[in-house]
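Hi,

Here is the structure I promised to pass on. Have it open while you read, and I'll walk you through what turned up.

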Amino acid sequence: MLDKALETVQSLKYGDDIEPLKAIDDAIVATHGNSDGRKQLETQMLEVLQSDATRNGKDYICRKLRLIGSEESVPALASLLSDKELSHMARYALESMPSDAAGAALREALPKVDGELKEGVISSLGVRQDDRSVPALAALVSGEDAAIAKSASEALGAIRTTNAAKALVNARPNAAAAASVTDSLLACAESLLAAGDKATALTIYQKVSSGEPPKYVKLAATRGMLACAAN
Amino acid sequence: MGTNRSSRRTFLKTATAAAAAPYVITSAALGNEDRPAASDRIVMGGIGIGNMGRGDQGAFLNRGDVQYVAACDVRKGVREAAKGKIDGHYKNSDCQIYNDFRELLARDDIDAVHVATPDHWHAIMVIEACRAGKDVYCQKPETRTLREGPLMVDAARRYARVVSGGSQRVLEDYRKVVDPCWNGELGEIKSINVNVGPLSQHCNLPKEDQPADIDWDLWLGPAPWAPYNSKRCDGNFGTSGGSWRSYVDYSGGGMTDWGAHHFGGATFAIDVRELQPEEVIYHDSSDGKYLTFKYPNGRQITHNRPGKENMDVEGTPGEKREPKPIPTYKGTGGIYGDFIECVKTRERPFRDIELAVNSVMVSHLGIIAYATQRSLQWDAAKQEFPGDEEANRYLDRARREPWQL
């Protein structure tokens, strides 16, 4: 059944019957807690991913590697990050992988991809709260590409570490990313406040409150400053 | 990729110009006994105005305290029909229509929006609306993944926005169950059963010729790329194929679509709306597979428990309790009126986003338990399955570039 499913996936086209593919889901459930079984299943999936399988077939494999992929899968997935058709699905698998290697693959891909693919990689680094990517993201916030700057600032807001907060405070953001930087600063301040770092949070709220932000942003910063002042 | 792609970078170039464009709020600015003056009306726009959105739009449009000024949909015919309806209602031509929701959100004159797109868009749109200072009424199910919920709540709280979920049934459909629970007639509430389904499935529909009037790339948005197929994006209410509600990239199927109502009603009835389950027990009995959601206060919700009807409650009827006042809508006009009243007063609505997130997450936790076919622990504080790396992979899904959360 599994062999038949993997064979079907290899040539999968939109419109094909996908009933045989349920054997893959069954195999994932059946190998829970069975490291040898999982490794064998992953290896079989990687063979499909690295073959001349259809785009749809590789898409399907990435969906399943999201659930069981280990470090073994990272190189094959990383090689797809620059593929316009499959970059997203490679991230689909990599983004939720607990392995450090997945984060490293995304960081390494960051300078090698452009445009929307770069925005995608940035997004995944943010979701992973990848603190090691903060320096690279900080540089992008101040870059000339407005879309990349906005994406990088949002990722820093998702990472929400002290390093991310410092990067946002020190950024000279592209004007088009200014609102995103503000939102991310507020997100960082909330995390810092929750962690007990009132001093840094207060500095951020004061920065956001300065100038002439929209009324609802000013109010958000003011509420933050009051929270910092509370015991 | 579609030919009419509306990318983030294209939007950034045009957003400033769009925001600066002049808009006419109303041509009937003076109020009367039945209608507040224009300056006192809530200025609204709608995003996603197909089936459910059309109904929501009608409800807001018919309110005298709302001035409906903008409609957004990725289908040209849908948004043009909306403009015709809105302009006809006000007897003017003021309504502006948009393909891209970001252009609508960039308008400074809009106070609030309603969102009724397919579910995979909800979180991005609600959060972007909050960042733009708008209050939001979002159709149910409000989330597509577990990670989205807290981010939506964060955005609402950060900017002190009124964000209401969109299940009118939670309060209105289950009173025969809710009232005896809250009135104390059933004694100590132990559990309630919800029967709902099915789960959504992977979609592998074939490619069809793409109509000229749909921005397919924007319809897909953060979901994985797929070729156009009319059934893939059909907004009918079926959950067993032939509608976006059937497919896993856009919906949790009946488990979330009707689950938002039923689990919403169940969490309301047994008064656990402010809590999240701490454990989901997967049962594989001879009578079938079913789930038990255990809450920190000892109450339970079961899902598809054999022999139980939908909304069956177990209590201790012989041990009556003191009645508790039953929460209800504010203002007039059902859940829409509740939202508008809260926009005015800045109170939290009946289906405040945090309560909505708590109820829809029951569906999501259930889907994950059925997928993994095992019991799961849930850490509400950390928003994760403690020590369960495999289950934690289900918390979210990577969004297709350039969409981000």
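Let's start with chain A: its domain 1 and domain 2 bury about 630 Å² between them, and carbon and sulfur atoms give 56% of that. Buried area here is the accessible area (1.4 Å probe) that two parts lose on being put together, summed over both. On the domain 1 side of chain A, E95(A), R107(A) and L110(A) lose the most area to domain 2, together 78% of what that side buries.

Some ground rules before we go on. This is a predicted model, so local features need pLDDT of at least 70 and side-chain atom pairs count only at pLDDT 80 or more, while totals for chains, interfaces and linings use all residues. Residues are numbered from 1 along each chain as its sequence is written, chains are lettered from A and ligands numbered from 1 in the order in which they are written, and side-chain values use heavy atoms, with hydrogens and water left out.

**More on the domains**

In chain A, domain 1 covers 1-113 and domain 2 covers 126-226; bounds like these come from an automatic or database domain assignment. Their C-alpha centres are 34 Å apart. Domain 1 of chain A brings 11 residues to the contact and domain 2 brings eight, where contact means heavy atoms within 4.5 Å.

Chain B also has a domain 1 (8-168) and a domain 2, which is written in two pieces (169-325 + 353-405). The centres of these two, taken over C-alpha atoms, are separated by 26 Å. How many residues of domain 1 of chain B are in contact with domain 2 of chain B? There are 39, and they touch 49 residues on the domain 2 side. The two domains of chain B bury about 3,900 Å², with 59% of it from carbon and sulfur atoms. R144(B), L146(B) and Q168(B) supply 19% of the area that domain 1 of chain B buries against domain 2, more than any other three residues.

**Helices in chain A**

Chain A has 14 helices and zero strands. Both are DSSP runs numbered from the N terminus: helices are H or I with at least four residues, strands are E with at least two. The C-alpha trace of chain A spans about 65 × 40 × 30 Å along its principal axes.

Have a look at α2 (residues 22-30) and α3 (residues 35-49) of chain A, whose axes come within 9 Å and cross at roughly 150°. Axes are lines fitted to C-alpha atoms, for helices over the stretch in contact, and angles run from 0 to 180 degrees between N-to-C directions. That angle makes α2(A) roughly antiparallel to α3(A). The naming goes like this: under 35 degrees is roughly parallel, over 145 roughly antiparallel, 65 to 115 roughly perpendicular, and the rest oblique. The crossing of α2(A) past α3(A) is left-handed, meaning the near helix is turned anticlockwise from the far one by less than a right angle (clockwise would be right-handed). I24(A), A27(A) and I28(A) of α2(A) meet R38(A), L41(A) and M45(A) of α3(A). By class, that contact has five nonpolar, no polar and one charged residues. Here Ala, Val, Leu, Ile, Met, Phe, Trp, Tyr, Cys and Pro count as nonpolar, Asp, Glu, Lys and Arg as charged, and the others, Gly among them, as polar.

Next, α9 (residues 134-141) and α10 (residues 146-159) of chain A pack at about 140°, with axes 7 Å apart. That makes α9(A) oblique to α10(A). The contact includes V134(A) and L137(A) from α9(A), and I148(A) and A149(A) from α10(A). Its residues divide into 11 nonpolar, one polar and no charged.

**A pair in chain B**

The axes of α6 (residues 148-158) and α13 (residues 353-372) of chain B come within 9 Å and cross at roughly 175°, which makes α6(B) roughly antiparallel to α13(B). G149(B), M152(B), V153(B), A156(B) and R157(B) of α6(B) face I353(B), E354(B) and V357(B) of α13(B) in this contact.

Most residues other than glycine have a negative phi, and most peptide bonds are trans. Q129(A) has a positive phi, near 50°, and sits in the loop between α8 (115-127) and α9 of chain A. The K140(B) to P141(B) bond is cis, with omega near -15°, and so is G197(B) to P198(B), with omega near -5°.

Cheers
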